[in-house]
Amino acid sequence: MASTVETAIRSVVGKGIEAVAGFNRRRMPDTRNPFLEGIHAPLSEERTIVDLAVTGTIPAALDGRYLRIGPNPVAPEAAGYHWFTGDGMVHGVAIADGRALWYRNRWIRSQSVAAALGERPAPGPRHGGFDTVNTNVVEIGGRTFALVEAGSYPVELGEELGDQTYNPFDGTLEGSFTAHPHRDPLTGEHHAIAYEGTNPTTIRHVVIDADGRVTREEPITVAHGPSIHDCAITQRYAIILDLPVTFSMKALIGGHRFPYRWNPDHRARVGLLPRGGGDGDVIWCDVAPGYVFHVANAYDDADGRVVMDVCAFETMFAGGAEGPNGRSRGLERWTVDPVTRTVAIRTIDAAPQEFPRPDERRFGQPYRFAYTMALPDEEVDEVIGATRLYKHDLAAGTREVHEFGAGRYPGEFVFVPAHAGAGEDEGWLIGLVVDLPNETTDLAIIDARDFVGAPVASIRIPHRIPPGFHGNWLPRQ
């Protein structure tokens with residue numbers, strides 16, 4: 001638990017702590033940072049490319065944009081840099097009538113990015129002085145938003161990504177938001193678990209209605225300032241992952257820009273919050289220590305338990321300070337019993353993997369298929385290093401592998417149904433693949449029912465797009 005000294009520091013230092021952190025950051029050795037070189041080396045300019053080259057045939061049903069965001073520091077500095085804190089850059093490819101119309105990449109115009117570029121920052125209110133946004137791009141209420149957790153308000157993006165406005169859902173969001181809101185396909189609501197980097201004792205259940213307005217910000221009491229990257233929903237619950245990565249005053253004072261570390265003294269638990277309930281209604285269930293960035297899906301089973309599939313790690317942020325560094329436990333099924341308040345863990349696939357995505361029409365409901373990105377068999381500094389995707393048939397207990405080949409590294413892929421009434425795996429998987437030897441990138445489109453086969457189409461982007469975090473297919477409205 002937090003020491004008495006740490007608690008005192010929190011209460012009296014306030015804004016002055018950044019001055020101490022900045023001083024210590026300047027004293028850090030300016031050594032190599034694996035997240036600023038090689039495959040992660042940031043781009044130095046914004047580009048617009050039209051009529052992209054296509055191999056194969058783009059499905060005629062695809063009409064919209066693939067958008068993905070990630071860190072791309074405008075003025076890279078190795079000392080104190082963490083992959084999770086870099087300036088946001090959104091990448092987009094527009095598709096219509098079987099053609100790749102354009103590619104664009106644009107920095108999110110935060111205060112610091114705009115100053116570096118000699119431009120005006122994006123308009124709109126800031127939350128607590130934070131305005132770096134770099135983690136996800138989603139559609140909410142018919143509009144496009146770039147997201148980050150624990151700090152900035154969302155940024156609303158225009159069709160071609162250059163129009164940007166910091167927008168707390170038209171003034172209805174009071175606190176910070178999350179990188180992972182989950183849309184309930186049965187109600188149209190988005191649910192999120194949000195935390196504040198400056199408030200270690202409270203998180204919030206945020207609900208946004210189908211029109212994109214916040215209808216609920218329910219405070220939930222926690223300890224130590226846990227880092228909660230993702231959540232899940234069932235028809236009964238919003239699920240809270242309160243796991244042992246927490247705010248570290250020592251890391252912050254030491255100059256690290258991402259001040260969260262593995263905390264073995266923090267109680268690992270899963271919270272089942274009735275979707276209309278409050279702080280006192282959360283059913284807290286102890287779980288074996290570990291960390292989860294991402295949930296594939298969750299649902300209520302016939303016996304009243306919650307079934308949740310996650311990509312889990314033994315620890316996280318217990319080693320180096322530049323990026324994720326825990327050992328993957330693979331894809332796991334956590335069965336949460338609200339009566340006994342226990343969590344049973346079963347390994348689905350022990351191979352290292354991350355970024356699980358289902359058919360999101362099945363969010364909060366029983367489902368069959370999950371798609372994940374392989375991680376290297378051995379830990380590597382830069383995280384990226386595997387050339388495979390996995391398709392899990394959770395009913396049959398089988399796994400298929402899509403292999404891109406040597407030197408070709410995929411990121412997260414999103415499932416896009418072929419049409420409104422399509423079956424659960426009737427559609428395409430879409431995502432970026434970095435061809436590192438050639439310093440190019442492909443937007444690959446894979447037939448989900450021919451998962452091991454060659455992509456039905458690959459759209460060539462003539463430069464390397466650094467690995468980022470999350471992307472989505474946004475169909476034309």
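Helices (H or I, at least four residues) and strands (E, at least two) are DSSP runs, numbered from the N terminus. The structure is a predicted model, in which local features need pLDDT of at least 70 and side-chain atom pairs count only at pLDDT 80 or more, while totals for chains, interfaces and linings use all residues. Residues are numbered from 1 along each chain as its sequence is written, and side-chain values use heavy atoms, with hydrogens and water left out.

**Stop 1: Pro259**

Select Pro259, which is located in the loop between helix 4 (249-253) and strand 17 (260-262). Its relative accessibility is 10%, so Pro259 counts as buried; buried means under 20% relative accessible area, exposed over 50%, and partly exposed in between (1.4 Å probe, protein chains only). Contact is defined as heavy atoms within 4.5 Å. Not counting residues up to four places away in sequence, Pro259 touches Thr246, Phe247, Ser248, Ala251 and Leu252.

**Stop 2: Leu241**

Move to strand 15 (residues 237-242), where Leu241 lies. Leu241 counts as buried because its relative accessibility is 3%. Which residues is Leu241 in contact with, leaving aside its neighbours within four places in sequence? They are Ile228, Asp230, Arg269, Val270, Val292, Val295, Met308 and Trp334. For a distance check, select Trp284: the C-alpha atoms of Leu241 and Trp284 are separated by 10.0 Å, and the residues are 43 apart along the chain.

**Stop 3: Asn297**

Now select Asn297, found in strand 20 (residues 291-300). Asn297 is buried, with a relative accessible area of 3%. Display its polar contacts; a polar contact is a pair of N or O atoms within 3.5 Å, where within protein one must be able to donate a hydrogen and the other to accept it, and residues adjacent in sequence count only if both atoms are side-chain atoms. The side chain of Asn297 reaches the backbone oxygen of Arg362 at 3.0 Å and the backbone oxygen of Gln365 at 3.3 Å. Leaving aside neighbours within four places in sequence, the contacts of Asn297 include Val307, Met308, Asp309, Pro358 and Tyr367.

**Stop 4**

Two strands pair if DSSP finds at least two bridges between them. Strand 6 (136-140) and strand 7 pair in the antiparallel sense over five bridges. Within this pairing, Val137 stands opposite Ala146 in strand 7. The hairpin of strand 6 and strand 7 has two residues between the strands, and Gly141 takes a positive phi near 60 degrees there. Strand 7 also pairs with strand 8 (residues 155-157), in the antiparallel sense and over three bridges; here Ala146 stands opposite Val155. Four of the five residues of strand 7 (residues 143-147) are buried, so strand 7 is largely enclosed by the rest of the structure.

**Stop 5**

Select the four strands that form an open sheet in the order 10-11-12-13, with antiparallel pairing. Strand 10 (182-183) and strand 13 (214-221) stand at the edges; each has a single partner strand, so one side of each is left without a neighbour in the sheet. Strand 10 is joined to strand 11 (residues 190-196) by two bridges, and His182 has His191 as its bridge partner in strand 11.

**Stop 6: a pocket and a cavity**

On a 1 Å grid over the protein atoms alone, a cavity is a set of points where a 1.4 Å probe fits but cannot get out, and a pocket is an open set with protein on both sides within 12 Å along at least five of seven lines; lining residues have an atom within 4 Å of a point. Grid points are joined across faces, edges and corners, and a volume is the space filled by probe spheres set on the points.

The second largest pocket has a volume of about 1000 Å³. It is lined by 39 residues, of which Arg183, Glu360, Asn472, Trp473 and Pro475 are the closest to its centre. Among the strands that each supply at least two residues of this lining are strand 6, strand 10 and strand 20.

Finally, turn to the cavities: the whole structure holds four of 30 Å³ or more. The largest cavity contains about 130 Å³ of space. Of its 14 lining residues, Arg68, Gly411, Glu412, Pro467 and Gly468 lie nearest its centre.
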